[in-house]
Amino acid sequence: MALRLPPDDGARDRGIDDPTNTWIVHPLGRLLLGPAVRLGIGPNPVSLAGLACGAAAAAAFYRWHDPRWATLGFLLATLWLVLDGLDGMIARATGSASDFGRLLDGLCDHAVFVLLYVSLASSLGTAAAWGLAVSAGAVHAVQASLFEGERIRYHRRIGADPRGDADAPAQHRLTRLYESVAHLPDRWAASFDRCLRTASDRGAVVVAYGGRARPPLRLLALLSNNVRILTLYAACLAGAPRLFWWVELGPMTLVAATGLLWHRQVQRALAVGLERTGA
């Protein structure tokens, strides 16, 4: 019997999403969506509840030497991932999305990982561990912001919205500052956005872009929070939590650079083709 994908609100292209989101995290979030809306729970309290789960996960991972505590930390972190998706579902379902909500959601995400890093570094208790944690944390923050920017840009385009990201800046000053890293590649994306905006057959360009851009975006999905939590859990079970930070510094940085350059190459090739044909 063929597997049937669970329903969703259409906010994401499953073709570029992490499989654990498609089959576990988002279906669990959708189970909670109806009760949350009926109870009048807004997205921001859900973001804060997710932060609380992340803090509890960090406390559990402090005892990573014991697989039972590491597993509890993993389960609590998974619950955070569910709530992290649920807040956006509630915002879209109730029309309550806001600049501040985006800022709070992003800050909660980063705060959870800060707590996880502090917990692990504290449990290891060496200057080398703290130095590794700080370095990996800084790299993670840049990777995560760039990854989110690429996802937003991709979904905007396949939705046939050719506006440049800068055409609708966030009203909240702190939100604009927070999102500035995600918009760093905008200058290299502008030429394709202009071509998309003026294309005579915009639908065909969107289809071509979606087909070519999906592979690099799938690669960038390896930078998702889900993959990071799984990597952290595996490193703890292996008795070497430092491996998690080394993966962030090495392989994940390579994934980020490769995915960004690949996506830029796709954009550039399409833009050149459109300019040559005058389409």
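How much space lies in the second largest pocket? About 180 Å³, where a volume is the space filled by probe spheres set on grid points joined across faces, edges and corners. A pocket here is an open set of points on a 1 Å grid over the protein atoms alone, where a 1.4 Å probe fits, with protein on both sides within 12 Å along at least five of seven lines; lining residues have an atom within 4 Å of a point. This is a predicted model, with local features needing pLDDT of at least 70 and side-chain atom pairs pLDDT 80 or more, while totals for chains, interfaces and linings use all residues. Residues are numbered from 1 along each chain, and side-chain values use heavy atoms, leaving out hydrogens and water.

So who lines the pocket? There are 13 lining residues, with Phe113, Val114, Tyr117, Ala133 and Gly137 nearest the centre. Helix 4 (99-124) and helix 5 (127-158) each give two or more residues, and helix 5 gives the most, with seven. Helices are DSSP runs (H or I, at least four residues) numbered from the N terminus.

Turning to the packing, the largest nonpolar core has 37 residues, and Phe61, Leu116, Ile229 and Trp245 have the most contacts inside it. Such a core is a set of buried Ala, Val, Leu, Ile, Met, Phe, Trp, Tyr and Cys residues joined through side-chain atoms within 4.5 Å, buried being under 20% relative accessible area with a 1.4 Å probe, protein chains only. Helix 3 gives the most to this core, with ten residues. Neighbours within four places in sequence aside, Ile229 is in contact (heavy atoms within 4.5 Å) with Phe74, Ala77, Trp80, Leu81, Phe113 and Leu116.

Conventions: Buried means under 20% relative accessible area, exposed over 50%, partly exposed in between (1.4 Å probe, protein chains only).
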